Amino acid sequence: MNIYVVNILLTFVWGMIFLGVFRGDRGKKIFCALTSIQWVLISGLRGMSVSPDMFSYQRKFDTTMKTPWNQLFDNFYLVYVDEEGKDPGYAVFEKIVQLFTKDFQIFLLLVAVLFFTGLAVWVYKNSTRPLLSMLIFDSFLWSFFALTGTRQTLATLLVVFIGGKFIKERRFWPFLLISLVAFTIHKSSICVLPFYFISQIDITKKYIAGVLSIIPFLFLFKNQYFRLLGSLVGYEYDEFANRGAYGFTTVYFAVILCALLLLRYVKLRTPDYKLYYNALFMGALFLPLVFVNPAAMRVVQYFSLYIMLLMPSFISCFGKKLQTPVYTVMVVVLLVMTNVYRYSYAFFWQ
């Protein structure tokens, strides 16, 4: 059976047992831990055939192994002064790991442990319905974070799972520091830095109208928009024919529509609604870039993770009698629209 389907089924089982039967804070902790462990195994034990990026990452890992420390630190000057190369912090991270192991598979496993531990803690502390949050991840967000990204995965851990705490607590200097570290690992993470200031903008009718009016304009002039921001977010590629992420974009704007329809109810029940709505809007503002270069989806993904926290808050907007049916419908829609059935998987020993 497809490993991703097995993962979803197990997520259901753990949810029914630890969130439905046992309930309470302890059950929530166990559920988040188990679902995190599942993804650590899927991501960390994946074979080279799962993603074409795996070969380039392994070559880079081997190159770093042969590179002396002084040259790695010299690369910071080359990248940020002479503008040669990119993301020197990632090589330093590789070199630190290589002090303990020279095995690329263990390196991948470590990255998976770091990321999915961060995800588990993030969901545990912020989600009102962890099962729905994890099903959202299992359905739409898993591919990049679990199978293809490594540099971006580490950057996401820093600016979203750790940095998000500093944003909520309004601690700018720790957030700035961690953002600068993430920037050296993957340049695209710089786009999250303005979110510190944007995250607390009040969600008013005028603000919503302003954001929604800008989005069509950005789509209309997407090529010019890409030329303006392509280098900034780390994708200095020439424009090329791209069909765009129509499926993802449709789902994304469907979430925006639901969020706007339920706004007055979410405001009353969700203390961090400004953070979630502004993250949703920022992701939407970057979506036009994806229709020029699909690699720009990496930028959108930083903000799309907040959907995992926003959508569960929708359910509490309904009366108690309707919450279970609404929850069921949302889960069914997720499973029907998911793309996990189309992907193949192989462990590294296969």
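These legends accompany close-up views of a predicted model.

**View 1. Asp87 pairs with Arg151 in a salt bridge.** The closest N and O atoms of Asp87 and Arg151 are 2.1 Å apart. Side chains of opposite charge can pair when their charged atoms come close. Asp87 sits in the loop between helix H4 (69-80) and H5. Arg151 belongs to helix H8, and the pair links distant parts of the chain, 64 residues apart. Both partners, Asp87 and Arg151, are buried. For Asp87 the relative accessible area is 6%. That is under 20%, so Asp87 counts as buried. Look at the backbone of Asp87 too. Its phi is near 50 degrees, a positive value in a residue other than glycine.

**View 2. Asp53 and Arg298 form a salt bridge.** The closest N and O atoms of this pair are 3.6 Å apart. Asp53 lies in helix H3 (residues 53-66) and Arg298 lies in helix H16 (residues 297-304), so the bridge ties together parts that are 245 residues apart in sequence. Asp53 is partly exposed, with a relative accessible area of 27%. How many salt bridges does the structure hold? There are seven.

**View 3. Asp272 meets Lys168 at the side chains.** This is a salt bridge, with 3.2 Å from N to O. Asp272 is in the loop between helix H14 (263-269) and helix H15 (273-290), while Lys168 is in helix H8, so the pair ties together parts that are 104 residues apart in sequence. Are these two residues buried or partly exposed? Asp272 is partly exposed, at 24% relative accessible area. Lys168 is partly exposed as well, at 37%.

**View 4. Arg170 has a positive phi.** The angle is about 55 degrees, although Arg170 is not a glycine. Arg170 is found in the loop between helix H8 (151-168) and H9. Its relative accessibility is 36%, and Arg170 counts as partly exposed.

**View 5. Ser189 is buried in a loop.** The loop runs between helix H9 (172-185) and helix H10 (195-198). What does Ser189 touch, not counting residues up to four places away in sequence? The list is Ala155, Val159, Ser179, Ala182, Phe183 and Tyr302. The relative accessible area of Ser189 is 1%. Buried means under 20%, so Ser189 qualifies.

**View 6. Leu135 is buried in helix H7.** Helix H7 covers residues 130-148. Leu135 has a relative accessible area of 0%. Which residues are in contact with Leu135, leaving aside its neighbours within four places in sequence? They are Ile8, Thr11, Phe12, Val331 and Leu334. Take Thr11 as one of them. Leu135 and Thr11 are 124 residues apart in sequence, but 7.6 Å apart in space, C-alpha to C-alpha.

**View 7. Helix H17 is mostly covered.** This helix spans residues 307-315, and nine of its nine residues are buried. Follow them along the helix: Ile307, Met308, Leu309, Leu310, Met311, Pro312, Ser313, Phe314 and Ile315.

**View 8. A nonpolar patch lies on the surface.** Which residues form this patch? They are Trp69, Phe73, Ile96, Leu99 and Phe100. Together they have about 570 Å² of accessible area. Now pick out Ile96, one of the members. Ile96 lies in helix H5 (residues 88-98). It is partly exposed, with a relative accessible area of 40%.

**View 9. Helix H6 has 23 residues.** The helix takes in residues 104-126. From its first C-alpha to its last, H6 reaches 33 Å. That is close to the 33 Å expected at 1.5 Å a residue. Now look at the start of H6. There, a side-chain oxygen of Asp103 reaches to within 2.7 Å of the backbone nitrogen of Gln105.

Note on methods. Residues numbered from 1 in each chain as written. Predicted model: local features only at pLDDT ≥ 70, side-chain atom pairs only at ≥ 80, totals over all residues. Heavy atoms only, no water. Helix = DSSP H or I, 4+ residues; strand = E, 2+ residues; numbered from the N terminus. Buried < 20%, exposed > 50% of the residue type's maximum accessible area, 1.4 Å probe, protein only. Contact = heavy atoms within 4.5 Å. Patch = residues over 30% accessible without salt bridge, like charges linked within 9 Å, V, L, I, M, F, W, Y side chains within 5 Å. Areas by Shrake-Rupley, 256 points an atom, 1.4 Å probe, with all protein chains shown as cover. Salt bridge = Lys/Arg side-chain N within 4 Å of Asp/Glu carboxyl O. Expected span 1.5 Å × (residues − 1). Polar contact = N/O pair within 3.5 Å; in protein donor to acceptor, adjacent residues only side chain to side chain.
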